[in-house]
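Please keep the sequence and the structure open while reading the numbered points.

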Amino acid sequence: MSKVLNKSFYTKDLHVLAKALLGKLLVHTLEDGQRISGHIVELEAYAQKDDPASHSFNGKTDRNALMFESPGNLYVYLIYGMYHCCNVVSGPKGLGDAILIRALQPHEGIDIMQENRHIKTATSQAALRNLSNGPGKLSQALSITKEENGLDLCTSNVQIENSNALGDFSISCSRRIGISKGKNLKWRYFIQNNSWVSKAPKGIISFEQP
DNA sequence: CGTGAGATTTCCT
DNA sequence: GGAAATCTCACGT
């Protein structure tokens with residue numbers, strides 16, 4: 001039996017899928033079979049319609065074309081010239097919806113993550129958090145770059161597996177981080193009381209999900 | 001440990 | 001030419 005989530009899992013409403021992905025295991029299997037993985041603890045939803053912050057809001061371009069592909073694909077883009085961000089494509093083919101993975105709780109291949117992040121071996125809680133508590137960080141830790149753009153999460157070396165390793169947890173949502181448009185949408189979902197969730201900046205208030 | 005300002009490349013208009 | 005879904009470092013508490 002495979003734990004890998006199949007295509008049907010991804011054919012959900014954007015927000016239903018976003019919440020369903022929390023706690024799941026994102027795995028990058030290297031060519032030598034080594035697994036690098038972490039549990040998803042924080043993410044943000046981006047929609048084509050009614051969401052000026054989304055890359056796809058102004059329509060399809062060469063850069064964001066993958067957001068319009070079938071759900072269950074990986075969309076990777078470069079931000080601020082130096083960092084990569086991982087997204088899970090959502091919505092039916094032709095609709096530019098996607099979910100940005102913002103933070104992971106490291107699981108397998110932690111030593112490789114430290115190499116990728118150029119962090120000296122450290123066991124402190126702060127050093128572990130620093131491996132993957134942000135979109136650019138987790139992409140670097142899992143060695144995901146433009147090379148991985150457009151991969152199929154069901155059949156490629158990058159997959160998402162079902163997991164209940166985190167046990168029971170509560171989901172909260174808040175306004176999204178680091179954007180200048182669409183600030184009023186509470187489309188950032190995260191696991192409560194998880195150390196890897198990036199702290200909300202001043203002025204962004206978290207609250208219980210209805 | 002928390003807050004604040006600068007850095008730096010790619011893509012789109 | 002300007003914007004961009006961020007990170008890191010420095011400094012104050």
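1. Of the atoms of DNA strand B within 4 Å of the protein, 76% belong to sugar or phosphate, and the rest belong to bases.

2. This is a predicted model, in which local features need pLDDT of at least 70 and side-chain atom pairs count only at pLDDT 80 or more, while totals for chains, interfaces and linings use all residues. Residues are numbered from 1 along each chain as its sequence is written, chains are lettered from A and ligands numbered from 1 in the order in which they are written, and side-chain values use heavy atoms, with hydrogens and water left out.

3. The residues surrounding DNA strand B include Thr61, Arg63, Tyr80 and Lys146. Arg63 takes part through its backbone, of which an N or O atom lies 2.6 Å from a phosphate oxygen of DNA strand B.

4. How many residues surround DNA strand C? There are 21, and Tyr77, Asn87, Gly136, Gly178 and Ile179 are the closest. A polar side-chain atom of Asn87 lies 2.5 Å from a base nitrogen of DNA strand C, whereas Arg117 has a polar side-chain atom 3.1 Å from a phosphate oxygen of DNA strand C.

5. Helices (H or I, at least four residues) and strands (E, at least two) are DSSP runs, numbered from the N terminus. With 3 residues, α5 gives the most to the surface near DNA strand C, and β3, β4 and β5 are among the elements that each supply at least two residues.

6. Two strands pair if DSSP finds at least two bridges between them. β4 runs antiparallel to β3, to which 6 bridges join it, and also antiparallel to β5, with 4 bridges. Asn87 has Leu100 of β5 as its bridge partner. Because 7 of the 8 residues of β4 are buried (under 20% relative accessible area, with a 1.4 Å probe and protein chains only), β4 is largely enclosed by the rest of the structure.

Terms used. A residue is near a molecule or strand if one of its heavy atoms lies within 4 Å of it. A polar contact is a pair of N or O atoms within 3.5 Å; within protein, one must be able to donate a hydrogen and the other to accept it, and residues adjacent in sequence count only if both atoms are side-chain atoms. Buried means under 20% relative accessible area, exposed over 50%, partly exposed in between (1.4 Å probe, protein chains only).
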